[in-house]
Amino acid sequence: APAQPRFALLRLGAHGVVFLYVCPEGCPVKLRMLYSTTKAAVVAAAAAAAVPLVKRLEYGALEDVSSATLEAEFAPARAAGTGFAKPGRPGRGGARLTQ
């Protein structure tokens with residue numbers, strides 16, 4: 001059934017193994033609670049089986065998971081184009097000349 005939560009372990013080439021948890025909006029509350037409490041046990045079982053998880057990802061719908069979205073999780077963050085702007089002088093207005 002498409003409206004049920006799912007766990008998955010995906011090997012993404014050079015990135016390693018990723019834990020994937022998908023919980024659709026329309027699934028029953030009882031299933032949501034069951035899967036959310038079981039999630040930690042599944043991650044612990046993967047660690048006990050010597051499966052190193054490089055990331056844990058959660059999605060709200062199976063349609064949100066694609067190779068492009070998974071690759072975007074590992075893409076380096078882009079730096080903002082603007083540099084640091086020096087803050088203005090404290091006080092009232094600009095510098096004043098005193099005589």
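## Aromatic pairs, cores and a kinked helix

Phe 19 has a relative accessibility of 2% and therefore counts as buried, the cut-off being under 20%. This residue belongs to a predicted model, in which the mean pLDDT of the protein chain is 82 and 84% of the residues reach 70 or more. Confidence is highest in helix H1, at a mean of 91, and lowest in helix H2 (residues 67–74), at 83.

**Aromatic pairs.** How many aromatic pairs does the structure hold? There are 3. The rings of Phe 7 and Phe 19 form a tilted pair. Phe 7 lies in strand S1 and Phe 19 in strand S2, so this pair ties together parts that are 12 residues apart in sequence. Phe 7 also forms a tilted pair with Tyr 21. Tyr 21 lies in strand S2, so the pair with Phe 7 of strand S1 ties together parts 14 residues apart in sequence. The table gives the geometry of these two pairs.

| Pair | Centre to centre | Angle between planes |
|---|---|---|
| Phe 7 and Phe 19 | 5.6 Å | 35° |
| Phe 7 and Tyr 21 | 5.4 Å | 35° |

Is Phe 7 buried or partly exposed? Phe 7 is partly exposed, with a relative accessible area of 26%. Tyr 21 is buried, at 6%. Together with Tyr 35, the residues Phe 7, Phe 19 and Tyr 21 form one aromatic cluster.

**Nonpolar cores.** The largest nonpolar core has 7 residues: Leu 12, Val 18, Leu 20, Val 22, Leu 57, Tyr 59 and Leu 70. Strands S2 and S3 each supply at least two residues of this core, and S2 gives the most, with 3. Apart from this core lies another, of 6 residues, among them Phe 19, Tyr 21, Cys 27 and Tyr 35. Leaving aside neighbours within four places in sequence, Leu 12 is in contact with Val 18, Leu 70 and Phe 74.

**Helix H1.** Helix H1 covers residues 29–48, which makes 20 residues. From first C-alpha to last, H1 reaches 29 Å, close to the expected 28 Å. Where is H1 kinked? The kink is centred on Lys 39 and is about 35°. The buried residues of H1 are Tyr 35, Val 43 and Ala 46. Which strands do these buried residues pack against? They pack against S1 (6–11), S2 (17–22) and S3 (53–59). H1 is followed by Ala 50, which has a positive phi, near 60°.

Key
Residues numbered from 1 in each chain as written. Predicted model: local features only at pLDDT ≥ 70, side-chain atom pairs only at ≥ 80, totals over all residues. Heavy atoms only, no water. Helix = DSSP H or I, 4+ residues; strand = E, 2+ residues; numbered from the N terminus. Expected span 1.5 Å × (residues − 1). Bend = angle between axes of the 7 residues up to and from the residue. Buried < 20%, exposed > 50% of the residue type's maximum accessible area, 1.4 Å probe, protein only. Contact = heavy atoms within 4.5 Å. Core = buried A, V, L, I, M, F, W, Y, C linked by side-chain atoms within 4.5 Å. pLDDT = per-residue confidence, 0-100. Phe/Tyr/Trp six-rings, centres within 6.5 Å; stacked < 30°, edge-to-face > 60°.
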